[in-house]
Amino acid sequence: MPDLETRLAARPLYLQVRDVLVQRIVVGHWKPGATLPNETQLAQQLGISIGTVRKALDLMEVERIVTRRQGRGTFVNDYASAETTFPLSMFHNSEGKRISGTKRARSILREPAGAEEAARLGLRRGDEVIRVERVRTHQEQIFMTEVCLLPTKLFGRLPEDFGSYRLSALAQLNSILVGRADERVDIALATAHHASDLGVAEGTPLLRLDRVIFSDHEDALEWRVAHCFMRNERYLVRFN
């Protein structure tokens with residue numbers, strides 16, 4: 001098997017540059033909202049061509065790590081701001097306006113992962129997870145219940161308002177970059193518990209969203225299962 005140095009040498013140069021720049025962001029060399037040096041400066045610092053730097057930055061923009069603004073520069077995305085959020089909610093009203101709702105935590109527990117939790121989060125059974133149960137309301141009416149599970153080992157730092165956390169901001173607080181998401185959407189019949197929360201009859205068809213979010217290193221960050229009752233809202237699925 002090739003050694004680590006050989007494997008790294010085989011990795012395309014622009015990907016190596018991307019990794020170097022991302023690591024500087026992760027360790028706090030460039031803070032959220034900061035402006036990166038321009039392409040010429042980065043090329044000189046790294047001893048590579050401007051084209052390679054540009055290709056690395058293009059990839060980082062696709063990954064939503066940075067935002068490039070013509071004539072202004074390249075900025076580190078701040079996931080704690082309202083402008084840059086990971087698209088976890090795709091609800092829209094009848095007029096097409098996005099609905100995020102107000103999140104309210106009902107319980108926050110630390111507990112050992114069961115077999116299913118361990119499998120979905122890539123953990124060993126018994127590893128500790130943080131379990132957050134919460135609801136989302138729109139116009140003072142609950143339209144979604146959520147159960148969120150996060151590996152404790154990845155989130156040593158939690159904000160004071162953790163119950164209403166956004167994963168992208170929480171990950172950034174813990175020097176983690178959010179990567180891809182795997183989502184399943186199907187229909188489930190309301191249990192007595194969900195029916196009571198959502199104000200519907202038991203057995204009512206609900207939209208069920210099952211989503212696992214991964215870091216850019218493919219570590220599972222969060223497994224979330226939500227049950228929604230669609231009144232006048234619509235759930236839009238985006239295909240890239």
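Me: Before counting anything, what counts as a helix or a strand here?
Reply: Helices (H or I, at least four residues) and strands (E, at least two) are DSSP runs, numbered from the N terminus. The model is a predicted one.

Me: OK, how many helices and strands does the protein chain have?
Reply: There are seven helices and 11 strands in the protein chain.

Me: And how much of the chain is buried?
Reply: Of the 240 residues in the protein chain, 40% are buried.

Me: What share of the contacts links residues 24 or more positions apart?
Reply: That share is 55% of the contacts in the protein chain with a separation of 6 or more.

Me: Now the open sheet. What is the strand order?
Reply: The order is E5-E6-E7-E10-E9-E8, six strands with antiparallel pairing.

Me: Which strands stand at the edges?
Reply: Strand E5 (102-112) and strand E8 (178-189) do. Each has a single partner strand, so one side of each is left without a neighbour in the sheet.

Me: How are neighbouring strands turned against each other?
Reply: By 15 degrees on average, ignoring direction.

Me: Over how many bridges do E5 and E6 pair?
Reply: E5 and E6 pair over 10 bridges, in the antiparallel sense. Within this pairing, Ala-105 stands opposite Arg-134 in E6.

Me: Let's stay on Arg-134. Buried or exposed?
Reply: Arg-134, in strand E6 (residues 128-138), is buried, because its relative accessible area is 1%, and the cut-off for buried is under 20%.

Me: Which backbone oxygens does the side chain of Arg-134 reach?
Reply: The Arg-134 side chain reaches the backbone oxygen of Gly-163 at 3.0 Å and that of Tyr-165 at 3.2 Å.

Me: What else does Arg-134 touch?
Reply: Leaving out residues up to four places away in sequence, Arg-134 touches Lys-103, Arg-104, Ala-105 and Arg-106, among others. The list also includes Met-144, Thr-145, Glu-146, Cys-148, Ser-164 and Arg-224.

Me: Switching to helices. At what angle do H2 and H3 pack?
Reply: Helix H2 (residues 13-26) and helix H3 (residues 39-46) pack at about 105 degrees, and their axes are 12 Å apart. H2 is therefore roughly perpendicular to H3, as 65 to 115 degrees counts as roughly perpendicular.

Me: Which residues make that contact?
Reply: From H2, Val-17, Val-20, Leu-21 and Arg-24 take part; from H3, Leu-42, Gln-45 and Leu-46 do.

Me: What is the makeup by class?
Reply: The contact of H2 with H3 has five nonpolar residues, one polar and one charged.

Definitions and conventions:
Residues numbered from 1 in each chain as written. Predicted model: local features only at pLDDT ≥ 70, side-chain atom pairs only at ≥ 80, totals over all residues. Heavy atoms only, no water. Axes fitted to C-alpha atoms, helices over the stretch in contact; angles between N-to-C directions. Parallel < 35°, antiparallel > 145°, perpendicular 65-115°, else oblique. Contact = heavy atoms within 4.5 Å. Nonpolar A, V, L, I, M, F, W, Y, C, P; charged D, E, K, R; others polar. Buried < 20%, exposed > 50% of the residue type's maximum accessible area, 1.4 Å probe, protein only. Polar contact = N/O pair within 3.5 Å; in protein donor to acceptor, adjacent residues only side chain to side chain. Pairing = 2+ DSSP bridges.
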